[in-house]
Amino acid sequence: MTGDTRVGLLGGTLDPIHVGHLETACAAQRALHLDLVYVLPSNLPPHRAQQPVASSHHRFAMTALAVNGIDCLRASEIELSTPGPSYTADTLHRFSSATGLGVSQIFFITGADAFAEIETWYRYPDVLELANFVVVSRPGFPVETLRDRLPALAGRMAASNPQPPTASRQPPVPSGSRIFLVNATTPDVSSSDIRQRLMTQRSISGLVPPTVEWHITQHGLYR
């Protein structure tokens, strides 16, 4: 990877991955003109009492199927290959060491609802120095509310909306890590709702990519 490469990371339990995850990743990629976005299923989510229902094997398989054919997205096992809870700070350290990318080249993507709880994250506030953060609106949770919710971080927040690049392919990123707010419309869907639908034998068509629905059906997941 070169010195001007810019890479996004989107993590989560992905139990299962759905169209909301994919659109969040793509919205961030468009807004910041990222070269690639890696989608990372977590090993053990540190902020959730309930552990993943599907195995790491199935969650990675579904992630790989979901991103297949989307040019800017890739599946990564970086969190699954490390035992224990998947802390964002640890992941950013490992990813930077493995790729040689600096802080200004890494963009950690998350939803506005999750970022609102950033003060509870492991190694806060140091985690914010390990990458740029890209925060994308979620249904019922616009990014504009974050400045009031997190006044201590308001000065680091910068609005970022998808715009065609003009003078150069990629707009410049200010020195030092920043928090980019992306106001985008993403589907109102959740993994917990999908699991509940499957348990009650209701359709999940349109909520996950067809290949993911096929994998779930073939392996009898979430039944």
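This note comments on one helix pair and one group of strands in a predicted model.

1. The helix pair consists of α2, which spans residues 56-67, and α7, which spans residues 210-219. Their axes come within 8 Å and cross at roughly 150 degrees. Because angles over 145 degrees count as roughly antiparallel, α2 is described as roughly antiparallel to α7. The crossing of α2 past α7 is right-handed.

2. Which residues make the contact between α2 and α7? On the side of α2, they are His58, Ala61, Met62, Leu65 and Ala66. On the side of α7, they are Thr211, Val212, His215, Ile216 and His219. Sorted by class, this contact has six nonpolar residues, four polar residues and no charged ones.

3. Strand β7 covers residues 179-182, and both of its faces are covered. Ile179 and Leu181 lie on one side, while Phe180 and Val182 lie on the other. All of these residues are buried.

4. Strand β7 is joined to strand β5 (residues 132-136) by four bridges, and the two strands run parallel. Within this pairing, Val135 stands opposite Leu181 of β7.

5. Strand β7 also pairs with strand β6, which comprises residues 157-159. How many bridges link β6 and β7, and is their pairing parallel or antiparallel? There are three bridges, and the pairing is in the parallel sense. Ala159 has Leu181 of β7 as its bridge partner.

Notes. Residues numbered from 1 in each chain as written. Predicted model: local features only at pLDDT ≥ 70, side-chain atom pairs only at ≥ 80, totals over all residues. Heavy atoms only, no water. Axes fitted to C-alpha atoms, helices over the stretch in contact; angles between N-to-C directions. Parallel < 35°, antiparallel > 145°, perpendicular 65-115°, else oblique. Left-handed = near helix turned anticlockwise from the far one by under 90°. Contact = heavy atoms within 4.5 Å. Nonpolar A, V, L, I, M, F, W, Y, C, P; charged D, E, K, R; others polar. Buried < 20%, exposed > 50% of the residue type's maximum accessible area, 1.4 Å probe, protein only. Pairing = 2+ DSSP bridges.
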